[in-house]
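Hello,

Here is the structure I promised to pass on. Please open it and keep it beside this email.

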Amino acid sequence: MKSPFLRLFFTLCCLILACVALAHGEEAEEPLITNVFVDTDIREALQDVASQAGIPILADETVSGYVTLELSEVPLSRALEMMLTPFGCVAVKMDGYYLVSSGSPESPAFRNIAKSERINLKDLNAEEALALLPDFYAQYAKAIPGKRFITVTAPQPIIDEIRRILALADVPRKQVVIDAVVTEVSGEAARNLGIEWGGATTGPYGLQFGELASIGGLFQRLERVVATIHLLEKEGKARIRSNPRLVVLDGEEGEIRVTREEYYAIVTGTATFPTTSLETISAGVILKVRPYVVDGEEIILTLSPEVSNVVGAGLQDLPVVSRRIVSTTVRVKTGETLVLGGLRQLIEVTTEGKVPLLGDIPIIGALFRHKKTTSEDKDVVILITPSIL
């Protein structure tokens with residue numbers, strides 16, 4: 001019973017030893033180079049190495065320069081790498097010889113030493129990938145706009161380096177959830193909330209905003225603020241215009257648009273042949289936001305909110321639009337809330353009244369006419385809470 005097992009064991013050992021010997025034999029086939037070069041022309045040095053190795057080494061016309069190097073029993077492929085790297089040249093093993101070239105697309109040997117590979121991208125698009133490559137490597141790459149891959153035609157060492165460069169940047173980007181609450185608060189209620197954009201204050205509603213800058217402040221509990229605004233809403237002192245949420249990729253721009261389209265008739269042409277066309281005007285709240293994730297838990301936000309209202313009619317009854325715009329860049333932690341305010345508007349409305357008939361009497365009719373001016377002070381407050389997914 002033991003004899004077959006012993007024979008099998010002996011056979012396996014022989015196979016293993018044969019494989020090891022074959023591997024060592026293949027390694028031993030590469031000649032070892034020992035030589036010293038001092039300001040030697042690189043083409044002459046390559047010929048010396050070729051003579052010592054017994055393998056032809058051919059260099060095209062783009063290979064030039066002087067080499068100073070000491071080699072001591074260095075394998076041929078490693079010796080060629082050490083000699084050629086300072087000149088930006090590559091050596092490619094062909095069938096029975098080595099071909100040396102600068103590797104540039106204009107070199108005569110380029111089509112013989114180059115190969116083409118497709119590099120698939122995870123997050124970057126083709127144009128972004130090309131923009132990341134240094135000029136030297138970009139000349140070997142081609143891209144189709146909008147695709148998520150590039151093709152590279154170059155010697156293998158250059159292809160490997162392009163892969164390494166892209167691997168550093170082509171990683172999935174994080175996503176940021178943007179929670180926004182757009183509110184419209186009366187001026188008095190805004191002051192009671194503690195929103196005094198010139199400095200810190202607190203109001204009867206008990207919100208602690210801390211030291212507020214000209215554009216707002218930071219605090220942790222969005223729910224508390226929304227609850228307070230809901231209380232003001234019940235009292236008729238505030239109104240939540242929208243509470244949108246969107247998800248934005250790191251570095252990309254997102255937009256929240258809460259607007260109303262208003263149509264106006266525009267009359268052109270002559271009195272005999274008038275032409276009427278409809279034009280639209282958008283009014284409301286537009287918030288553009290671009291998040292950048294830094295240090296894992298912090299976010300840089302580039303914000304540009306715009307609040308607009310149609311406040312009346314002007315020449316030829318055309319609409320008059322009031323716009324309030326803020327642009328800023330801030331740094332917050334994930335889950336913190338940013339307050340944007342100070343977008344205050346004072347709207348004054350004048351109405352006229354008169355006693356019928358008596359108000360139309362010249363001179364004394366003024367005694368039977370009256371004017372009433374009402375003003376409304378509103379502050380649009382935008383609460384933004386970014387969170388990293």
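Below is what turned up, from the whole chain down to single pairs.

This is a predicted model, where local features need pLDDT of at least 70, side-chain atom pairs count only at pLDDT 80 or more, and totals for chains, interfaces and linings use all residues. Residues are numbered from 1 along each chain as its sequence is written, and side-chain values use heavy atoms, leaving out hydrogens and water.

The protein chain has 9 helices and 19 strands (DSSP runs, numbered from the N terminus: H or I of at least four residues for helices, E of at least two for strands). Of its 389 residues, 37% are buried (under 20% relative accessible area; exposed is over 50%, partly exposed in between; 1.4 Å probe, protein chains only).

Next, the cores. A nonpolar core joins buried Ala, Val, Leu, Ile, Met, Phe, Trp, Tyr and Cys residues through side-chain atoms within 4.5 Å. The largest has 23 residues, and L287 is among those with the most contacts inside it (contact: heavy atoms within 4.5 Å). Strand 14 (274–294) and strand 19 (369–388) are among the strands that each supply at least two of its residues. A second, separate core of 22 residues includes I33 and Y98.

Last, salt bridges (a Lys or Arg side-chain nitrogen within 4 Å of an Asp or Glu carboxyl oxygen). The count is 10. E252 pairs with R173, with the closest N and O atoms 2.9 Å apart. Both sit in loops, so the pair ties together parts 79 residues apart in sequence. K115, E117 and R163 form a salt-bridge network.

Best wishes
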